[in-house]
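Here is a briefing on one structure. Look through the sequence and the model first, then read the points by topic.

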Amino acid sequence: MKVTVVGAGLVGLAVAWRLAQRGVSVVVVDERRAGAASRVGAGLLIPAGGRVSRHQLALKGRSAELYPHFIGELEEETGLDCQFRDVDTLTVALEPGAQNALSGMSGCLRGLGIEHELLDKQQCREREPGLGPEVGGGYLTADRSVNPEALLKALREACSSCSVEFLSEAAGAVSRSSVTLRSGGVVECDRVVVAAGAWIEELLKLPVYPVKGEVVLLEWSKPLVYHHLCVQRESLYLVPRGESTLVVGATEEEVGFDVASGWQRSLIERADRLVPGVGQLKILESRVGFRPKVGDGLPLLGEYQGVVVAGGHYRNGILLTPVTAELISAYLLEGEISKFMRPFLPDRDLRDRRTWGREKK
Ligand SMILES: Cc1cc2nc3c(=O)[nH]c(=O)nc-3n(C[C@H](O)[C@H](O)[C@H](O)COP(=O)(O)OP(=O)(O)OC[C@H]3O[C@@H](n4cnc5c(N)ncnc54)[C@H](O)[C@@H]3O)c2cc1C
């Protein structure tokens, strides 16, 4: 069997790797677009993060379950460290109204069966002594993170050692068994997988659109926080990465494919209020990426007009990488649509809820 995958983000590479491991001849086409999400993501692997439906929780839970083996295999094959770590997440609520916010959230987590430990202001400070005075309480969940850049590198290397072929080209059109390149060539194959992130709509009539996110990478000589630190009801988190880096994120804007960064100062100021001292750290860089989203915020997994789609992972693509590779490869090789995949088939009702660019339509 020959498969062409469009997109070499985490999703496309993981699918390519799983297929190639099972003897499929795989070509990956990628144009290395600015704003590809995978390199920019914070790398939080939090199954309980955000508002989740039962199906979504099951999908996230399955992927979280697959992660240790997925990383173990990848690290063994490549000898690379993906910086996959067990790190608890401390989600804090800010005063005023912290207690109400926390009891609401705790009820929600209980309903979803997610274990957590509620902490008052003092207990939060015992866990994270650097917290500023605005924090009124929080809750702790057992989580993990990975360095998405290291993961991308390892997946690319694992693909190469399974003889996956890479083409640095733009795909202009796709069909069940071919990809037409913008340069004019055609890649013939048995099946095509589109994993083109926020750009899927260029190739298929699916309303996937970009939700722009910016993160700032800071350097520290000694850690200021020890957990993943998230602020409830705010899009602010601090994620320690490796020995010397702190990732502060993330903005969320619907402004189309605009790669300009502009929120560095605001992110750092908000992080400094949460943990005084963050504002003094050396700035390494700002990164901008486009989260691929459809109206209901859920992934697209499965066949659409003869082409297999793996996309629309929005804020969870790093977490959902192993399960996506498992489901898409099982579908292509065995025709299996598992219970995890069925709720995310692309032929569901997909309303276009983007708020940007309507005047152009
Ligand atoms: C700021 C930010 C923080 C995030 N944090 C997290 C997090 O903590 N945890 C988490 O799980 N997720 C997180 N995410 C989400 C996650 O990064 C994405 O869901 C995931 O990376 C999407 O991967 P992908 O492979 O589908 O897309 P991408 O990584 O965008 O890859 C798509 C690829 O397709 C290529 N491409 C597109 N069109 C074409 C074409 N026509 N021809 C050739 N190539 C093409 C592009 O060049 C690109 O390489 C975050 C995202 C952002 C932006």
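Two strands count as paired if DSSP finds at least two bridges between them. In this predicted model, S14 and S17 meet that rule, in the antiparallel sense, over five bridges. Across that pairing, Leu 218 stands opposite Leu 246 in S17. The points below cover the strands, the ligand shell, the core and the backbone exceptions.

- S17 spans residues 245-249.
- S17 is mostly covered, with four of its five residues buried.
- One partner is S14, which runs antiparallel to S17.
- Strand S16, residues 237-241, is also antiparallel to S17, and five bridges join the two.
- In that pairing, Tyr 237 stands opposite Gly 249 in S17.
- S16 and S17 make a hairpin with three residues between them.
- Gly 242 sits in the turn of this hairpin and has a positive phi of about 65 degrees.
- In a regular strand, side chains alternate between the two faces of the sheet.

**Ligand shell**

- The ligand is surrounded by 44 residues.
- The closest are Gly 9, Gly 41, Gly 197, Gly 213 and Gly 317.
- By class, the shell holds 23 nonpolar, 14 polar and seven charged residues.
- Helix H1 (10-21), strand S14 (209-219) and strand S18 (282-293) each supply at least two shell residues.
- Where does the ligand lie relative to domain 1 and domain 2? The ligand lies between them, because both domains give residues to its shell.
- Domain 1 covers 2-80 + 147-207 + 295-360, and domain 2 covers 85-144 + 210-293.

**Nonpolar core**

- The largest nonpolar core has 114 residues.
- Val 6, Val 15, Ala 16, Leu 155, Val 193, Val 194 and Ile 328 have the most contacts inside this core.
- H1 gives the largest share of this core, nine residues.
- Domain 1 and domain 2 each contribute at least three residues to this core.
- Which residues does Val 193 contact, leaving aside its neighbours within four places in sequence? They are Val 3, Val 5, Val 15, Val 308, Ala 310 and Ile 328.

**Cis peptide bonds**

- Most residues other than glycine have a negative phi, and most peptide bonds are trans.
- The bond from Glu 95 to Pro 96 is cis, with omega near -5 degrees.
- Pro 96 lies in the loop between strand S5 (89-94) and helix H3 (98-111).
- The bond from Gly 249 to Ala 250 is also cis, with omega near -15 degrees.
- Ala 250 is in the loop between S17 and helix H6 (264-274).

- Gln 83 has a positive phi of about 50 degrees although it is not a glycine.
- Gln 83 is in the loop between helix H2 (54-78) and strand S4 (85-86).
- Is Gln 83 buried or partly exposed? Gln 83 is partly exposed, because 18 other C-beta atoms lie within 10 Å, and a buried residue needs 20 or more.
- Gln 305 has a positive phi too, near 50 degrees, and is a residue other than glycine.
- Gln 305 lies in the loop between strand S19 (300-304) and strand S20 (307-311).
- Gln 305 has 13 C-beta neighbours inside 10 Å, so it counts as partly exposed. An exposed residue would have 12 or fewer.

Definitions and conventions
Residues numbered from 1 in each chain as written. Predicted model: local features only at pLDDT ≥ 70, side-chain atom pairs only at ≥ 80, totals over all residues. Near = placed C-beta within 6 Å. Nonpolar A, V, L, I, M, F, W, Y, C, P; charged D, E, K, R; others polar. Domains from an automatic or database assignment. Core = buried A, V, L, I, M, F, W, Y, C linked by C-beta atoms within 7 Å. Contact = placed C-beta atoms within 7 Å.
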